[in-house]
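Student: I am new to this structure. Can we go through it in short questions and answers?

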Amino acid sequence: MTAQDFMTILDSKSLAEVLREYPLGRDFLANFRLNNLAQELTFSQALLEVEEEALAEFGLDRMGALKDFAEFLKQFTPQENLLAEVKSITIIGGWNKAKTPETISLTISAGEIISIVGPTGSGKSRLLNDIECLAQGDTLTGRTILVNGAELEDIQRFEMEGKLVAQLSQNMNFVMDLTVREFLEMHAKCRLTPNVNEVVAICFQCANQLAGEKFSENTLVTQLSGGQSRALMIADTAFMSDSPIILIDEIENAGINRRKAIALLAKREKIIFLSTHDPLLALSAHKRIIIKNGGIAKVIEISEAEKESLGIIENLDNTMQRLRTALRSGEVICMRDLRESSS
Ligand SMILES: Nc1ncnc2c1ncn2[C@@H]1O[C@H](COP(=O)(O)OP(=O)(O)OP(=O)(O)O)[C@@H](O)[C@H]1O
Ligand SMILES: [Mg+2]
């Protein structure tokens with residue numbers, strides 16, 4: 001919705017109705033000492049009863065107050081439609097590290113999971129960054145990212161910044177001394193989540209399911225381990241973020257239940273890009289991009305044969321997980337027992 005749409009709402013609905021629908025509007029009114037306006041009137045009608053000097057104190061006139069109120073409501077109303085609006089992302093090739101052109105145009109639709117594989121230093125994170133900043137031929141790789149098949153004007157790119165993409169990056173450090181609960185509450189409030197307590201409880205529970213070692217609501221975020229921080233951010237992204245695109249850089253290093261995490265993130269019609277060195281995750285995607293020397297060398301769609309292999313790989317992976325758990329808890333390792341218990 002544009003500011004103009006909100007001007008129309010303000011002119012057609014009573015202030016009481018507007019505030020019922022957009023409770024944060026009260027903050028705007030309080031800031032300009034307009035909290036005693038007659039609520040059965042529209043905002044403009046109610047303003048007629050306010051002395052012009054009272055508005056002038058804040059550098060406003062009646063028209064200015066209406067415009068500012070509409071702008072405020074626009075700013076603080078979550079863009080509910082954004083998720084539905086992004087139907088596809090297209091990556092148009094640039095060039096690799098040797099400046100050889102990437103002859104590719106790859107379109108990914110909402111609901112698809114794409115893995116990105118390739119040797120260390122090949123350019124997986126770089127591709128995620130290109131998507132994150134909605135590159136328009138202006139990054140190191142010369143790639144262009146289209147949204148719904150169209151290039152973005154600078155203004156759209158700016159408007160979408162921070163809303164389109166949620167990124168779970170390789171390195172994550174908390175700098176604030178908040179408890180887990182305070183952190184989640186702060187996020188929920190910033191994102192204007194309606195039922196804060198409920199969402200915070202779900203996020204906390206889910207993060208603990210994903211993390212190997214449990215933590216409490218009162219743990220300081222700065223004291224969480226790498227894996228616990230990652231689990232917290234995954235739960236946070238899954239339940240609070242409305243971004244239609246999720247970028248994940250190397251979930252496997254975190255020592256968390258990664259397949260569960262991906263399933264959780266994929267539950268809504270989002271586009272997920274996942275850079276990974278993990279065969280199980282790479283094959284859990286619908287398509288995978290192979291990066292070589294900074295360029296997209298190949299795109300493979302998962303075949304039926306690969307899907308069948310996934311079961312065997314999952315068994316192998318379970319064996320590895322058991323091995324990890326056994327090692328961590330100080331057991332003596334017998335591979336035969338481990339294989340039998342996972343099959
Ligand atoms: N097409 C390109 N042209 C020039 N430089 C590139 C290109 N692609 C990637 N690079 C650069 O190569 C370096 C390594 O890339 P990147 O960090 O993306 O690797 P990675 O595949 O994520 O590695 P890792 O698996 O270790 O995380 C970065 O400095 C990146 O900017
Ligand atoms: Mg990387």
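**Cores, ligand shell and domains**

Tutor: Start with the inside of this predicted model. Its largest nonpolar core has 59 residues. The residues with the most contacts inside this core are Ala 235, Ile 272 and Leu 274.

Student: Which helix gives the most to this core?

Tutor: Look at residues 226-240. That helix supplies 8 residues to the core. The helix is H12.

Student: Which residues is Ala 235 in contact with, leaving aside its neighbours within four places in sequence?

Tutor: Contact here asks for C-beta atoms within 7 Å. With the neighbours within four places set aside, the partners of Ala 235 are Cys 203, Cys 206, Ala 207 and Leu 210.

Student: How many residues are in the second, separate core?

Tutor: Among its members are Leu 15, Leu 29, Leu 34 and Leu 47. The count for this second core is 13 residues.

Student: Is Ile 234 buried or exposed?

Tutor: Ile 234 lies in helix H12. A residue needs 20 or more other C-beta atoms within 10 Å to be buried. Ile 234 has 28 such neighbours, so Ile 234 is buried.

Student: What does Ile 234 touch, not counting residues up to four places away in sequence?

Tutor: Set aside the residues up to four places away in sequence. Ile 234 then touches Leu 168, Leu 210, Ala 261, Leu 264 and Leu 265.

Student: Now the ligand. Which residues are closest to ligand 1?

Tutor: The shell around ligand 1 holds 15 residues. They divide into 2 nonpolar, 10 polar and 3 charged. The closest are Gly 123, Lys 124, Ser 125, Arg 126 and Gly 294.

Student: Which helix gives the most to the shell around ligand 1?

Tutor: The helix spans residues 124-132. Its share of the shell is 3 residues. The helix is H8.

Student: Where do the buried residues of H8 fall, seen down its axis?

Tutor: The buried residues of H8 are Lys 124, Leu 127, Leu 128, Asp 130 and Ile 131. Seen down the axis of H8, they fall within an arc of 155 degrees, so they line one face of the helix.

Student: Which residue just after H8 takes a positive phi?

Tutor: The phi angle is about 50 degrees. The residue is Leu 134.

Student: How far apart do the C-alpha centres of domain 1 and domain 3 lie?

Tutor: The domain assignment gives domain 1 as 3-75, domain 2 as 85-174 + 224-302 and domain 3 as 309-343. Between the C-alpha centres of domain 1 and domain 3, the separation is 63 Å.

How values were computed:
Residues are numbered from 1 along each chain as its sequence is written. Chains are lettered from A and ligands numbered from 1 in the order in which they are written. This is a predicted model: local features need pLDDT of at least 70, side-chain atom pairs count only at pLDDT 80 or more; totals for chains, interfaces and linings use all residues. A nonpolar core is a set of buried Ala, Val, Leu, Ile, Met, Phe, Trp, Tyr and Cys residues joined through C-beta atoms within 7 Å. A residue is buried if 20 or more other C-beta atoms lie within 10 Å of its own, exposed if 12 or fewer, and partly exposed in between; C-beta atoms are placed from the backbone. Helices (H or I, at least four residues) and strands (E, at least two) are DSSP runs, numbered from the N terminus. Two residues are in contact if their C-beta atoms, placed from the backbone, lie within 7 Å. A residue is near a molecule or strand if its C-beta atom, placed from the backbone, lies within 6 Å of it. Ala, Val, Leu, Ile, Met, Phe, Trp, Tyr, Cys and Pro count as nonpolar, Asp, Glu, Lys and Arg as charged, and the others, Gly among them, as polar. Domain bounds come from an automatic or database domain assignment. The arc is that of the directions from the helix axis to the C-beta atoms.
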